[in-house]
Structure formats: structure tokens, C-alpha cells
Amino acid sequence: MAEFMTGLKRTDMCGDLRISDVGREVTLFGWVQRQRDLGQLIFIDLRDRTGVVQLAFADTTDKEIFEKAAACRSEFVLGVKGTVAERSAKTDKIATGDIEIQVTELRVLSKAQTPPFEIVDDSKTGEELRLKHRYLDLRRKPLQDNLIMRSKIAKVARDYFYENNFIEIETPMMIKSTPEGARDYLVPSRIHQGKFYALPQSPQIYKQLLMLSGFDRYIQLARCFRDEDLRADRQPEFTQIDMELSFADMDEIMEINEGLFERIFEEVLGKKLSTPFERMTYKDAMENYGSDKPDVRFGMKIQNISDLVKDSDFGVFSGAVQSGGSVRCIVAKNAASVYTRKEIDKLTEYVRGIGAKGLAFVRWVDDELACSFKKFMKENELENILSAIGAEKGDVVLIVADKDSVTLPVLGALRLTVAKRLEIIPDEFKFVWIVDFPFFEFDEESGEWIAMHHPFTMPREDCLQYLDSDKGKVIAKAYDLTLNGTELSSGSIRITDYELQQRMFRALKMSDEEIEAKFGFLVEAYKYGAPPHGGAGIGLDRVVMLLCGADSLRDVTAFPKVQNASELMSQCPSEVDDESLEVLGLEIKKND
């Protein structure tokens, strides 16, 4: 039977004790990591979130306490009192390796069955089983450290914004559905049957209304929800460090963001960041890296060889250029020994899977050139190409020919794949601001121009002349902050002029009825004096993932969803009974 902790009050955490504490009487609580019974000696490793300390039981220990220790098993919850003593067999494997606790009082507060997997740092147990028993998985130190770091980052963020005169304001969790971008999660209303709330994809409209209300500096650690397909850096629910500032331009908002990351890195990681961060236009990012969130820690930039091959006898190249596309490549330095023909074939299958028709290559081994299109080259044509792109003996050149909307993202993805395989990405942090985004992007499915960010983004003043005549030339006052190839923050200056906002809606071919249905209350608010303002939203989960060096958001989220948006531990989403549906006026249509 479990004992009570009456009379025991924790004085220390297990992982905090050191040699300087020798002689002190301490009271500790924690879980049994392991028990070693050596007959006349018993050792128990006691674990809490700060670490592990050794408990020692010898022939001088009270007999009843010794017998209790002998009965302890992994994951029993203990309360102990004892004296800190210097350890005879010291170890540097744990921070408390110089000391042990000579126990004078032991209480078994809770017994435990044998867990379905061992609670160890480097667990080899499959993720599915660990997620099913997430409460056990979270006892592992790597996950606890990640969540503790998340807590520290959140505290640093709040402290930083409070010091800079921001006001923390909560916005509603049940809002009007204004579908755009990802799908909304919908909440049926019992009182207003047939109508639905939406869970917020972001607090975008509300924070703009707060600027109109006179709260010139807003901050919120906001929960956001998006019903979209999941991947390693995406969860259906996430936390955003959300901010908005009145009477601020792009530079001031970007400086505020940089100051936040300076503080986070210094206080959480003990690292100094160099500011201001690099700025790169959207066009340069796409042309050189094939991504609007480029990883700039290594080179291997994309190169355009269209002019060199536009008249080539190789129809794949010349045809792509003549049809308005391009021929582009990356040069993988010293990669010929790694990328054999068989490995290049694997890359070819990879790029076909992400939209390319194929992959041309040059593999320069010794003095011999292995080239997939060599027979189509005129005299010196291949040599001129290799000279122009800086390819040398030992290199591999990978080439994609297609329209730019294919060549750039495909080579961008290929660039990262190759760099990881070659292990040339340094272990460092490189921030880059991406600026000068196009306001519009052409949706090939619908044949319409849509807003790349959202319809409240302010266009650059010098581009307003193109709003009706040449939408491809309109540049937005938008900015994204990226770190090591991951987008951390996205923001923009907002439209605050009522007439300009109406003009923007018309450019997006939104009807008056659609505008009123989706944004009527915001448009109405603009009529009553709107201050110039802008803001940004930083993905807290992604920040933590990168700073922890984690591979997935699941490693920095307490109770994450898996790829099909379900939670294995609680088995949600789940069915509800007919009575609950009836109250909401809903009926489930079963698929045949």
C-alpha cells in the first residue's frame, strides 16, 4: 500500500546537489530510474526533471528502510530523507556523480507496473508506442529539457515585450469563419443551430482592430489552428508569438523582432547574435536558393544556364527556354565519389516525385566526364558550360529544365538533399529576412491572381500604378524571418486606407457581398480613423524546435498529433453520442 508524504517537504531537486552539499540533510522526491541490489548494498537512482541522484542503503541503514529499498522497482515514486555524502565510486556520467544520499527515511508514495518501454534518454522504442503512452515518454530527460526550454523562451518573450511597452491582450478562440489559405476548424453552435464558429488560424483581424482601438503595441502568445496536412514542422494547433505595432514602419518592426531573438539566444542559449540580420529579396531567394526560406549556411547556389543552352541540339534544354522556361543547375563540389550513377538515379526518381520531368547530370571523375546529354553537345559546348558554372574535376552538376515554377523549387529541394548527404551544412544559426514579396501570385488551377499573404497587406506605394494593369509587378510591404531554411515569422504593413482596401478587394475579384460577409466589420472600422500599423507572427513551436535541435515539432509539443491529425494517447478525434449531435442540430452522414 502506498504511503503518504505527510511530514516530508522537499528541500532540493535531485539534479541540483553537488559536492559542496556534503553533510546537509535533504528531502527529495522522484521516480526510480533503476535499482541495483548488491546484497549488503542497495543503490537506487532517483530521477526528477532536473536529473538523477544516487540513493545509498547499507548494513548501517535501518532494516525496515533497507527492505523497502529492496522492494523498489523502476518508476516507483519515492519520498526520501537523508544526508548528502561523498561518493566512493565517482562518475562523470551524471552531474551529481560526486555524491550520494545516505537514506534515513524512505516512503513509497506510489508503486508502478512495468512500463511498456524503458524510460531512458536514447529510447529505441518506436514513436507510435511512445506517443500512445505520452505521459511516460515525457518522463525522458530530452523531452523534458525541450519543454523546459520552451517555457524559458516564452518567459523571455513576455519579459522582452513588457519591457518594450507592449500590452498582452487575449483575442477570442471562437471567431467568424473567413476561409482563406488553410481550412478552418469549425465549432457548431448549440444556440444558433446551423451556424458555426471557427477556431482562429491567427488573431489577424482582431489585432488590427486593437490598433484601431488605440492599443498601439499588442502582444499575445496565441493559440492558432489550421486544418491542413501535417509534416515534421507542422501541427494542427500551434502557438504564435503575435505582435502588432501602430505608427511603426517595416524597419522598426524588424528591429523589434531582431531584439527579441538577441534576447532569446543570450538568455536561453548563452549565444550572442550579430544584428541586423541579412536581408534578401524574394526574387534573389528564389533565383539563388529555389526557396523563400533559404538555408544560407552553405553555398551551392542555383545557376541559370539558359543563355548557354538556348540553341543547343539537346531539345530538352532548348525547348524549355523557347517555351518561356529555363535551364538551371547546382554544382555539388567534390561529390563524384559519393554520387555514383546509381545514386544519381535515386536523385532522378526523387525530383520526378516533386514535379520535375527528369534530371540531367554531369559527373566529373578523374579526367573522364560522365554526362547524360553529352552526345547532343557540339564541340566545346559542354566545356564552356562547365567553365561558366565553376565545375571542376570531382564535382557533380545536376540540371533541371522546365518552367521556372518547377526548376526553382525542385533545385531548391535538391540542393538541401545533396547538402545533407554530403554533410556540408555547418552547425550554426543563420537568420535571413526575406523582403519585397510579390503581392499577388497566379493560381494556375483557378486562373486567377490571389494574395500571396493576405488582402490586408500594404502594397509598396511605387507599385500602386500596376494594381489594375500588371499585377505581377505589385510588391508587398511584407517580410518573413527565416532561420536555417525554416520560416519563423511572417508579417507585413497593413492597409489602413478605406479606399485602397476596397481597391485591393476588387483587384482580388471579391464581390461586395463576399467582402461584407467575410470582412464587413473590419472594413467598417476603417471608416473611423485607422492608425498606420503592421505586425508579425512568430512560430514559437518552430523556434523551440530549431534551438533544441529537434527533428520534429512533436519533440517540443507536450501532447502532439500525428500525421493524420489524431492524438494516439487519448484517441481523439472520437465519435460523440447521438444526443450530443441532436442538441447541435447535426446528423452524421455515413459513407457507403
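Author: Please do, bearing in mind that this is a predicted model. The chain has 16 helices and 22 strands, and buried residues make up 49% of its 592 residues.

Reader: Why is Met 173 called partly exposed?

Author: Buried means under 20% relative accessible area and exposed means over 50%, with partly exposed in between. Met 173 has a relative accessible area of 40%, so it is called partly exposed. Met 173 is found in the loop between strand S6 (167–168) and strand S7 (186–188).

Reader: What makes Met 173, Met 174 and Tyr 197 a nonpolar patch?

Author: A patch of this kind requires residues with over 30% relative accessible area and no salt bridge, with nonpolar side chains joined within 5 Å; Met and Tyr count as nonpolar. Together the three residues of the patch have about 270 Å² of accessible area.

Reader: How do you know that strand S2 and strand S3 pair?

Author: Two strands pair if at least two bridges are found between them. Strand S2 (residues 42–48) and strand S3 (residues 51–57) have seven bridges, so they count as paired, and the sense is antiparallel. Within this pairing, Ile 42 stands opposite Phe 57 in S3.

Reader: To which sheet do these strands belong, and what lies across them?

Author: They belong to a closed barrel of five strands, in the order S1-S2-S3-S5-S4, with mixed pairing. Neighbouring strands of this sheet are turned by 55 degrees against each other on average, direction ignored. Helix H1 (residues 63–71) lies across strand S1 (25–37), S2, S3 and strand S5 (99–110), and runs at about 75 degrees to S5.

Reader: Why is strand S22 called mostly covered?

Author: Seven of the seven residues in S22 (residues 533–539) are buried, and a buried residue has under 20% relative accessible area. The cover extends to both faces: His 533, Gly 535, Gly 537 and Gly 539 are buried on one side, and Gly 534, Ala 536 and Ile 538 on the other.

Reader: Which strands pair with S22, and how many bridges join them to it?

Author: Strand S10 (residues 237–246) pairs with S22 in the antiparallel sense over seven bridges, and Gly 535 is the bridge partner of Glu 244. Strand S21 (residues 486–493) also runs antiparallel to S22, joined by five bridges, with Gly 491 opposite Ala 536.

How values were computed:
Residues are numbered from 1 along each chain as its sequence is written. This is a predicted model: local features need pLDDT of at least 70, side-chain atom pairs count only at pLDDT 80 or more; totals for chains, interfaces and linings use all residues. Side-chain values use heavy atoms; hydrogens and water are left out. Helices (H or I, at least four residues) and strands (E, at least two) are DSSP runs, numbered from the N terminus. Axes are lines fitted to C-alpha atoms, for helices over the stretch in contact, and angles run from 0 to 180 degrees between N-to-C directions. Contact means heavy atoms within 4.5 Å. Patches are made of residues with over 30% relative accessible area and no salt bridge: like charges are joined within 9 Å, nonpolar side chains (Val, Leu, Ile, Met, Phe, Trp, Tyr) within 5 Å. Accessible areas come from the Shrake-Rupley method with a 1.4 Å probe; for residues, only the protein chains shown count as cover. A salt bridge is a side-chain nitrogen of Lys or Arg within 4 Å of a carboxyl oxygen of Asp or Glu. Buried means under 20% relative accessible area, exposed over 50%, partly exposed in between (1.4 Å probe, protein chains only).
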